[in-house]
Amino acid sequence: MKIRWRLTWYGIGFTALSLTGFIVLILILVAGTARQDQDELLGNIADEAAAVLATVDPQDAVAAVPPVAPDASSSDQPFITAYDDGGGVLYATGTVDGRPLDLPAAVIVETLESGQSALDSDGVRTQTRRWESPGVALGVVAASQATRVAENQVQGLFGFLVVFGVIALVATAIGAWFMAGRALRPLRLLADTTDNIGETGDLSRRLPPAHQNDEVRTLTESF
């Protein structure tokens, strides 16, 4: 393989390794940030819902799902589900596979005791908060959203970075090819001149001087 091709492949390989490390680092950081942003959004929704439930009589809540409610299996919209202290559904603005979110008893208990909790279940991310109507009742409210929302953000960024990486590699290959050719030009001139001297036998001819203080100059002076 010619030196020019070697230098070009070295440049492509180094760039590919650097881009791979960069892409992996960015994806790790964005994946964590996307989940944090989703948790913060759901936590705020749950806090607002708990504040509203604390001001109404739970008997006014209807254990039903609105006729047109988003389903987490096909919708990315966040929704809330209110429960009594026994885990019974009081009201839900969304469903999971056509049914209100099934919140595990352990999460109900943890939320009632500590005031909040979080879980992933059936492809849904949920933040829970305790609500309490003083002297009347208490329960749990859950704000939920499909986990694919955060995943889609990461996948979209990954697609962009892949396209960017391909463009960068092509640009690197072109740049490395031309730079390698420019760097090797004195060697080609040296080789052509020495071949010509050998063919003509004109030993009075001298090689073109090398202006840079590098290996090419040393080789020229040696010849």
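Okay, let's start with a rule: rings of Phe, Tyr and Trp (its six-membered ring) pair if their centres lie within 6.5 Å, and planes under 30 degrees apart count as stacked, over 60 as edge-to-face and the rest as tilted. By that rule, we get one aromatic pair here. The partners are Trp5 and Trp177, tilted, with 4.7 Å centre to centre and 55° between the planes. Trp5 sits in helix 1 (residues 3-53) and Trp177 in helix 3 (residues 148-200), so to speak two distant parts of the chain, 172 residues apart.

Before I go on, this is a predicted model: local features need pLDDT of at least 70, side-chain atom pairs count only at pLDDT 80 or more, and totals for chains, interfaces and linings use all residues. Residues are numbered from 1 along each chain as its sequence is written, and side-chain values use heavy atoms, leaving out hydrogens and water.

Buried, by the way, means under 20% relative accessible area, exposed over 50%, partly exposed in between (1.4 Å probe, protein chains only).

Now the layout. The chain has four helices and five strands, in the pattern α-β-β-α-β-β-β-α-α. Those are DSSP runs numbered from the N terminus: helices are H or I with at least four residues, strands are E with at least two.

The strands make an open sheet in the order 2-1-5-4-3, with antiparallel pairing; two strands pair if DSSP finds at least two bridges between them. Strand 2 (89-92) and strand 3 (116-121) are at the edges with a single partner strand each, so one side of each has no neighbour in the sheet. Strand 1 and strand 2 pair over three bridges, and Thr81 is opposite Ala92 in strand 2.

What about the core? A nonpolar core is a set of buried Ala, Val, Leu, Ile, Met, Phe, Trp, Tyr and Cys residues joined through side-chain atoms within 4.5 Å. The largest one has 13 residues, and Tyr83, Val96 and Ile108 are among those with the most contacts inside it. Strand 1 (79-84), helix 2 (105-114) and strand 5 (137-146) each give two or more residues, and helix 2 gives the most, with three. Ile108 touches Tyr83, Asp85, Gly87, Leu103 and Val140, not counting residues up to four places away in sequence; contact means heavy atoms within 4.5 Å. There's also a second, separate core of seven residues, including Leu53 and Trp131.
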